[in-house]
Amino acid sequence: MPILAREGYRVRCLARRPDALRGRAPEGVEAVRGDVLDPDSLRAAMEGVRIAYFLVHALGSSGQFEAQELTGAANFARAGAEAGVERIVYLGGLGDGGEELSPHLRSRHAVGHILRESGVPVVEFRASIIIGSGSLSFELVRALVERLPIMVTPTWVSAPAQPIGIGDTLEYLLQGARVPIEGSVIYEIGGPDRVSYGDLIREYMRVRGLRRLIIPVPALTPRLSSLWLGLVTPLHARIGRKLIESVRHATVVNDDRALRDFAIRPVGFRDAMALALRNEDAEFAQTRWTDAVSSAGIPAQWGGVRFGNRLVDTRAVSMDASPAAAFRAVEAIGGPNGWGYADWPWTLRGWLDLLIGGVGMRRGRRDPSRLSVGDVVDCWRVEAIEAGRCLRLWAEMKLPGRAWLQFDVTSAQDGCELRQTAIFDPVGFWGLAYWYGIWPLHQVVFRGMLRGIARRAMEDDGSR
């Protein structure tokens, strides 16, 4: 969506909950309510559309997901044909049609067939594992490596695949709107390497600097594997089962037409893995977590909300004070000014950090009331600051991961809102154990800190 908008396309986005896109859709993108299982909702949405992207699956459904996928595709294709859509771009899955495919891969191929039957020209891209945040396959690898010091791996981790990076996939999808075609065409896309899930697991271990013991167990069936994955990964057991049934099939490129018709040369899986993790850092640095959390309507969860590998714990307070006063109070935290509430846990944490070779809390701060990027604030360092709006601190203490503390100030009708967000990027099992171990303490200390900063802001505002 943002790439199409940047390229100058007028973009309309179909969503069951358009409100969830508020704050995330680029300016000028039109969000309309609709559901591919509701044909009436598609007619108005398709009016005036020239190119339609179909990026829908039903793996999370509790019923017959294949039937739902085929019904949704048929409704979408019919609405597109009636509206005069000139092209459909569809992202499906690789898999040799000559073998008995899993229900998931079989459905991916059948959806492409239904879209083509509409008479609208279709550009279908078939991909294997996509390496990037949010990809079920990538999140599966991430969760296994981050959470399990010892991994019991069934035979499906050896099945050959041809992974492709998310950046290259997006470039293919973008070019799919422009490539000259006659009728419909199927492109098999993948990176230059033929590897397995086991290779991806080992590469993720290397990039993250983690050591894991891998024990092959041939007896684990797809069903048992999916139940096991449901316990140790973010995947629901029913999604895991459908995915694992597909993983046991070879998903490699047998037709190089994509390399002949496009000037895209996908990167290897090692570069794709490194790029995916670097892109997460860049996206994280640019994202306002206030928008991501509030606009998505994500409920509070024990242990916080997960974004990629990061764990996010956020809270907000409204106050009868000006945004300027609120930000002055935020900017003054640390050093001799204290942290607004229960300074003793911070002092204790600082001594413990010194004992293990960290910086502790003894460094204070350069200026009692002003901060700049790079300034030290006790055991933190200022990573980013937007005057009057946002302060982000990066932890320099010894941790099994990376940590940030961010404050955002926004105007409100009767004053302002101050949001505090703690972010942690855990490394391996001990990183997760650390986060969940101190999370109850965070609820007390961080909530008290937020109230203390708000109290200082209102006192400061009242004295001026």
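## Basis of the model

Is Phe 76 buried or exposed? Phe 76 is buried, with a relative accessible area of 6%, where buried means under 20% relative accessible area, exposed over 50% and partly exposed in between, for a 1.4 Å probe and protein chains only.

The model is predicted, so local features need pLDDT of at least 70 and side-chain atom pairs count only at pLDDT 80 or more, while totals for chains, interfaces and linings use all residues. Residues are numbered from 1 along each chain as its sequence is written, and side-chain values use heavy atoms, with hydrogens and water left out.

## Helix H3

Helices (DSSP runs of H or I, at least four residues) and strands (runs of E, at least two) are numbered from the N terminus. Among the buried residues of H3 are Phe 65, Glu 69, Asn 75 and Phe 76. Gly 84, which follows H3, has a positive phi near 80°.

## Aromatic pairs

The structure holds 13 aromatic pairs, counted where ring centres of Phe, Tyr and Trp (its six-membered ring) lie within 6.5 Å; planes under 30 degrees apart count as stacked, over 60 as edge-to-face and the rest as tilted. The rings of Phe 54 and Phe 76 have centres 4.9 Å apart and planes at 55°, so this pair is tilted. The pair links Phe 54 in strand S3 (residues 51-54) with Phe 76 in helix H3, 22 residues apart, and Phe 54 is buried at a relative accessible area of 2%.
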